[in-house]
Amino acid sequence: MSSTDWPLWEVFVRSRRGLSHTHAGSLHAPDAEMALRNARDLYTRRAEGVSVWVVPSTAITASSPDEKDPFFASAADKPYRHPTFYTIPDGVKHL
Amino acid sequence: MATTVEAGGVREAAFDAAVAADERIEPRDWMPDAYRATLVRQIAQHAHSEIIGIQPEANWITRAPSLRRKAILMAKVQDEAGHGLYLYSAAETLGVGRDELLDKLHTGRQKYSSIFNYPTLTWADVGAIGWLVDGAAITNQVPLCRCSYGPYARAMVRICKEESFHQRQGYELLLALSQGTEAQHAMAQDAVDRWWWPSLMMFGPPDDESSHSAQSMAWKIKRHSNDELRQRFVDICVPQAEALGLTLPDPDLVWNEERGHHDFGPIDWDEFREVLRGNGPCNDERIGRRRRAHEDGAWVREAAAAYAAKHGEAKA
Amino acid sequence: METGTAPIRPADRTAALALGDDALVLAQRLGEWAGHGPVLEEEVALANIALDLLGQARHLLSLVGNEDELAYLREEREFRNCQLVEQPNGDFAHTIARQLYFSTYQELLHNRLARTGTPFAPLSAKAVKEIAYHRDHAEHWTLRLGDGTPESRERMQRATDALWRYTGELFEPVGELPVDWTELNDSWLASVTSVLERATLTVPEGPRRGAWTAGAGREGLHTEPFGRMLAEMQHLHRSHPGASW
């Protein structure tokens, strides 16, 4: 047996209140509790975080890069979802 | 068959276009096998360097001459373990496990930076490592923050940010010695004399002999040539050495008005190759100690894995 | 931090030295792990703990005088740390057992000191948060080593037993600290017993102090490994009298 038996965890850190957790990196740990502690030691040494999540890497389902187009192309095609799409007469405020 | 070849061609074209457009390649993107292999080799070597690099400095943690310096050195050495971890993580996104990489390190199939095969004989060596070795590393690493492979580039951003204190603490340490007693000044000069040339070797062989450089530059894994970075480093160090009141051990070091750079003397590449080949002053100790730590720790890693298996669902 | 000038009462001086030396000596021991850890993540964790302790030590020693003079120029017999913290790292199990015993003690003590009017209250209030993490770290590892593999359990039991006889000294009164030492000892014993039991380990039955009546760490009497540890720690500083670093 070797440390390969320590699974890989993805670490998400909330840098301060009001912000989302952001992916910071990964690490190995034998279980969730230790993963959380290792994440605290490794990714918040300089007070970078107020909250940490750890997720087993195997639990993440990702979109395939090969599906890039069908997955995301249609969203790129709807400019009317963005405020800059609309023309407003000069001088109209608070819109 | 024809469609597969065609699909491969399309993927390769997409990869080339992304690199050309300075976009980042991400783990699940298609990439040429050779690109992947080059990255694994380079990131692993980089990660190994961080963790082997712990040893020469850890050598002085217990003897640091003031409590302030002890705290600084502990924090720095801890960062190096952390940086090793960031880099192993980056390598793992390419599909190789940390264990596999460590095994290759322990059996000599992957390398680490030869600089760490030199001994730290005095306290001043801790300063010289911070100023010169970390300085050279930073010169190498800053361009890597824009490396074409996303996870590597992101790890480097984090590392460069954290390492900014490493070089400064080394410089400050040397300054205190240089301005201290005669014995302290001599200690500082001796350390700089010993670390200067090996630091210049850290940029790798001259461009015309560097085997991997051209392809790595085309892939934007590497952004500047070895000689270009080496020159940049020399130019940065000369005024810093003056401010320290220490000399750099190179009689040929002189400002060249025409080039706008410092000329410097020839590097002893025989020494470089010998150390690389395993004949440096500390090669065996460094690898031996690393392997021992790993072997001595096996029962701890096994215990934690066994506990997790027993209590798996308890509190996930 | 480098010059402590505020005069403090002799009894508080005694206490500051005892608590400061505990933290300093344990930080020094933990610093020896750099490059030797069983796994990289653990090197980072042990270094964090060492850095916290070193910070506490510097604060406490500065209450008494110049931190470096105190750390580097005192002789072995002038150090007031308990013997537990000076024990060599041994294998990882010994280090964890030492951490469990000491951080449990330290957390209970500083929790109480934080609520006193002593000069230690502000430091204790800050330190107790750091120490809670140290204790948590030690507990988690005690559980994993005790309830891990047969080998790890045997090693953890051996370490738990070997260090047991250094735990009685922790509850000798220190200076004039307003602490109920008997109650502190009871709480410590309850806490440590609970962790050891959860880790499927046997609570040691041996004596909690050595048979030697000459004294112990708080009186300046130390164990053999301590002299070597100090020699290593102090030699560079002492080789350059009067130098600044």
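In this predicted model, chain B and chain A bury about 2100 Å² between them, and carbon and sulfur atoms give 50% of that area. Within chain B, the residues that lose the most area to chain A are Arg28(B), Asp99(B) and Arg158(B), which together account for 25% of what that side buries. The contact is built from 24 residues of chain B and 25 residues of chain A.

The polar side of this interface can be described next. Across the interface of chain B and chain A, 10 residue pairs are in polar contact, with both residues at pLDDT 80 or more. The side of chain B that touches chain A draws at least two residues from each of four helices, namely α4 (67-92), α5 (98-106), α7 (150-178) and α13 (298-310). Helix α4(B) provides the largest share of that side, with eight residues. Sorted by class, the side of chain B that touches chain A holds 12 charged, eight nonpolar and four polar residues. Between chain B and chain A there are four salt bridges. In a salt bridge between Arg46(A) and Asp79(B), the closest N and O atoms lie 2.5 Å apart.

Attention now turns to chain B as a whole. Its secondary structure consists of 13 helices and two strands. The radius of gyration of chain B is 21 Å, close to the 20 Å that the globule rule gives for 316 residues, and chain B is therefore as compact as a globular protein of that length. Along the principal axes, the C-alpha atoms of chain B fill a box of roughly 75 × 60 × 35 Å. Of the 316 residues of chain B, 59% count as buried. Among the contacts in chain B with a separation of 6 or more, 77% come from residues 24 or more positions apart.

Chain C has nine helices and zero strands, and along the sequence its pattern is α-α-α-α-α-α-α-α-α. For chain C the radius of gyration is 17 Å, close to the 18 Å that the globule rule gives for 245 residues, so chain C is as compact as a globular protein of that length. The C-alpha atoms of chain C fill a box of roughly 55 × 40 × 35 Å, taken along the principal axes. In chain C, 64% of the 245 residues count as buried. Of the contacts in chain C between residues at least 6 apart in sequence, 81% join residues at least 24 apart.

Note on methods
Residues are numbered from 1 along each chain as its sequence is written. Chains are lettered from A and ligands numbered from 1 in the order in which they are written. This is a predicted model: local features need pLDDT of at least 70, side-chain atom pairs count only at pLDDT 80 or more; totals for chains, interfaces and linings use all residues. Side-chain values use heavy atoms; hydrogens and water are left out. Contact means heavy atoms within 4.5 Å. Buried area is the accessible area (1.4 Å probe) that two parts lose on being put together, summed over both. A salt bridge is a side-chain nitrogen of Lys or Arg within 4 Å of a carboxyl oxygen of Asp or Glu. A polar contact is a pair of N or O atoms within 3.5 Å; within protein, one must be able to donate a hydrogen and the other to accept it, and residues adjacent in sequence count only if both atoms are side-chain atoms. Ala, Val, Leu, Ile, Met, Phe, Trp, Tyr, Cys and Pro count as nonpolar, Asp, Glu, Lys and Arg as charged, and the others, Gly among them, as polar. The radius of gyration is taken over C-alpha atoms; the globule rule is 2.2 Å times the number of residues to the power 0.38. Buried means under 20% relative accessible area, exposed over 50%, partly exposed in between (1.4 Å probe, protein chains only).
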